[in-house]
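Student: Could we go through this structure together? I would like to begin with the metal site.

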Amino acid sequence: MTDTIYAAATAAGRAAVAVVRVSGPCARAAVATVAGKVPRPRMAALRTLRSDKGPIDQALVLWFPGPASYTGEDSAEFHVHGGPAVVSSLLDLLAAQDLRLAEPGEFTRRAFENGKLDLAQAEGVADLIEAETEAQARQALAQVEGALGRAHQRWRSDLIEALANFEAAVDFPDEEVPAQVADRARPYLERLIGELHLARADVDRGERVREGFRIALVGAPNAGKSTLLNALAGREAAIVTATPGTTRDVIEVPMRLAGYKVLLADTAGLRDTHDEIEAEGVRRARAWAAGADLRIWVVDGSSSAIDPPPEELTAGDFCVINKSDLNPGDDTGRALVEARALELEMHRVSAREAAHVGVILAALTDQVVQRLGGAEPPTATRLRHKDLLAEALSRLEHALAVDGSPELAAEDVRLAGRALDRITGRIHPDDVLDRVFASFCIGK
Ligand SMILES: Nc1nc2c(ncn2[C@@H]2O[C@H](COP(=O)(O)OP(=O)(O)O)[C@@H](O)[C@H]2O)c(=O)[nH]1
Ligand SMILES: [Mg+2]
């Protein structure tokens with residue numbers, strides 16, 4: 001028989017209310033022992049919780065008989081006063097019965113195993129708990145509501161049509177007809193391949209929304225990168241000095257722009273150096289910049305010797321000519337020409353002027369919204385999804401390519417279907433499940 005599990009669903013510490021949940025075959029007995037009369041299903045009831053030493057608390061008790069519960073099993077919730085002593089007395093009381101403390105994510109894992117949600121929805125639950133920004137929450141909620149599962153249903157019906165045609169071709173006795181029958185699979189495969197390509201491309205957007213859009217400040221020492229970072233972040237996150245080579249580590253500052261999570265990074269000034277520590281800083285700066293979604297090349301507009309643009313820059317990145325409060329240096333014109341050739345978005349500012357910094361902030365916000373926004377949140381949002389989409393795509397493209405052999409094509413389509421099934425967990429290797437649910441907190 002399955003264990004009955006319990007855990008605090010709310011974070012530890014002092015709070016107005018804490019929620020303790022129980023799920024499994026002994027849930028009803030646990031409620032009866034702790035709270036006396038079991039409340040009517042799904043109706044909150046005020047009960048005094050008691051141990052054999054006396055009353056513990058007055059609590060709201062909810063009883064959810066399975067299968068119409070979150071986990072699909074008999075479950076219950078105790079809403080108690082959120083003091084650490086009350087919560088720990090209740091947990092002790094449950095432990096003294098035949099109940100076991102839940103593993104991280106075990107409630108949701110049971111919900112998955114009882115068919116209450118698919119694996120992508122369970123991942124959405126974890127993302128919703130982690131969500132710090134509106135965009136993250138919107139995307140996670142779409143996933144909890146089964147957006148990926150619905151896409152999977154559509155993909156499956158195309159797969160089944162294609163497979164049926166290949167199999168009919170295999171079974172055809174007449175030598176001439178199979179090719180024509182197999183040809184009927186083609187439009188289904190082509191449509192499916194198109195959709196999977198779109199979904200795979202969208203994973204990058206989904207990942208950025210989840211993990212944060214990465215913006216790197218790069219440029220020569222003393223250009224004003226740290227000053228600009230502090231001004232954009234609205235706090236002194238990085239040290240600013242007149243000594244070139246002050247910033248050595250990558251300093252990441254999380255920000256929120258238009259409801260999206262953004263990571264803004266200050267990096268070591270790019271220059272050749274014999275200082276071992278600074279050289280490592282330059283290496284890290286370049287690596288971070290190369291992996292970023294947007295780079296801001298900061299140039300000291302008062303300098304008479306400006307280094308050529310860093311190699312990591314790509315079209316659409318920003319070029320900020322800084323220190324506009326000082327006289328322009330002899331080299332500024334050349335930097336402008338080079339930036340234009342690279343199709344960078346140009347801004348001439350002083351990082352010390354709040355109004356100028358506001359302009360940069362607005363321009364960055366535009367970029368983030370342009371690149372991450374969209375009418376619909378992305379359906380596939382994780383590397384796990386992307387890998388499986390890529391596997392399905394390569395099978396399907398192979399199926400289209402193996403001309404004249406419906407047997408081989410049918411096998412490819414079947415393997416593609418298996419890859420897609422693993423996205424929603426219709427087929428679920430245990431190690432994948434362990435990994436997905438291990439990222440949860442206890443009590444969810
Ligand atoms: N006049 C002027 N000085 C600036 C401006 N921005 C930064 N600085 C100064 O330039 C020096 C180097 O700035 P810092 O932010 O440490 O440059 P980093 O090496 O690129 O991080 C510091 O003394 C700053 O105060 C600006 O817009 N105008
Ligand atoms: Mg610096």
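Student: Are S226 and T247 buried or exposed?

Tutor: Both S226 and T247 are buried. Please keep in mind that this is a predicted model.

Student: And which protein atoms are the donors of the magnesium ion?

Tutor: The protein donors of the magnesium ion, which is ligand 2, are OG of S226 and OG1 of T247, lying 2.1 Å from the ion. S226 belongs to helix 9 (residues 225-233), whereas T247 sits in the loop between helix 9 and strand 8 (251-257), so the pair ties together parts that are 21 residues apart in sequence.

Student: What about the other ligand: how many residues surround ligand 1?

Tutor: Ligand 1 is surrounded by 18 residues, and the closest are N222, K225, T227, S350 and R352.

Student: Which side chains have an N or O atom 2.8 Å from an oxygen atom of ligand 1?

Tutor: The side chain of S350 has an N or O atom 2.8 Å from an oxygen atom of ligand 1. The side chain of R352 also places an N or O atom 2.8 Å from an oxygen atom of this ligand. The backbone takes part as well: an N or O atom of G224 lies 2.9 Å from a ligand 1 oxygen atom.

Student: How much of the accessible area of ligand 1 does the protein cover?

Tutor: On its own, ligand 1 has 580 Å² of accessible area, and the protein covers 89% of that.

Student: You listed N222 among the closest residues. What is its phi?

Tutor: The phi of N222 is positive, about 75 degrees, although N222 is not a glycine. Most residues other than glycine have a negative phi. N222 is found in the loop between strand 7 (213-219) and helix 9. With a relative accessibility of 33%, N222 counts as partly exposed.

Student: R42 has a positive phi too. Where does R42 lie?

Tutor: R42 is located in the loop between helix 1 (27-35) and strand 3 (45-51). Its phi is near 60 degrees. R42 has 49% relative accessibility and therefore counts as partly exposed, since the exposed class begins over 50%.

Student: Changing topic: which residues does the cis peptide bond join?

Tutor: The cis peptide bond joins G66 and P67, with omega at about 0 degrees. Most peptide bonds are trans. P67 has its place in the loop between strand 4 (54-64) and strand 5 (75-82).

Student: Now the aromatic rings. How many aromatic pairs does the structure hold?

Tutor: The structure holds 1 aromatic pair. The ring centres of F112 and F437 are 6.1 Å apart and the planes meet at 40 degrees, so the pair is tilted. This pair links distant parts of the chain, since F112 is in helix 3 (residues 106-113) and F437 is in helix 15 (residues 430-438), 325 residues apart. Both F112 and F437 are buried.

Student: Which residues lie over the faces of F107 and Y70?

Tutor: Over the face of F107 lies R21, at 5.0 Å from the ring centre. K444 lies over the face of Y70, at 4.5 Å from the ring centre.

Student: One last thing: how far apart are E207 and R382?

Tutor: E207 and R382 are 175 residues apart in sequence, and 6.0 Å separates their C-alpha atoms in space. E207 is part of helix 8 (residues 186-211). The relative accessible area of E207 is 19%, so E207 is buried.

Note on methods:
Residues are numbered from 1 along each chain as its sequence is written. Chains are lettered from A and ligands numbered from 1 in the order in which they are written. This is a predicted model: local features need pLDDT of at least 70, side-chain atom pairs count only at pLDDT 80 or more; totals for chains, interfaces and linings use all residues. Side-chain values use heavy atoms; hydrogens and water are left out. Donors are N, O and S atoms within 2.8 Å of the metal (3.2 Å for Na, K and Ca); water is not among the atoms, so sites may look incomplete. Helices (H or I, at least four residues) and strands (E, at least two) are DSSP runs, numbered from the N terminus. Buried means under 20% relative accessible area, exposed over 50%, partly exposed in between (1.4 Å probe, protein chains only). Rings of Phe, Tyr and Trp (its six-membered ring) pair if their centres lie within 6.5 Å; planes under 30 degrees apart count as stacked, over 60 as edge-to-face and the rest as tilted. A charge sits over a ring if NZ of Lys or CZ of Arg is within 6 Å of the ring centre and within 35 degrees of the ring normal. A residue is near a molecule or strand if one of its heavy atoms lies within 4 Å of it. A polar contact is a pair of N or O atoms within 3.5 Å; within protein, one must be able to donate a hydrogen and the other to accept it, and residues adjacent in sequence count only if both atoms are side-chain atoms. Accessible areas come from the Shrake-Rupley method with a 1.4 Å probe; for residues, only the protein chains shown count as cover.
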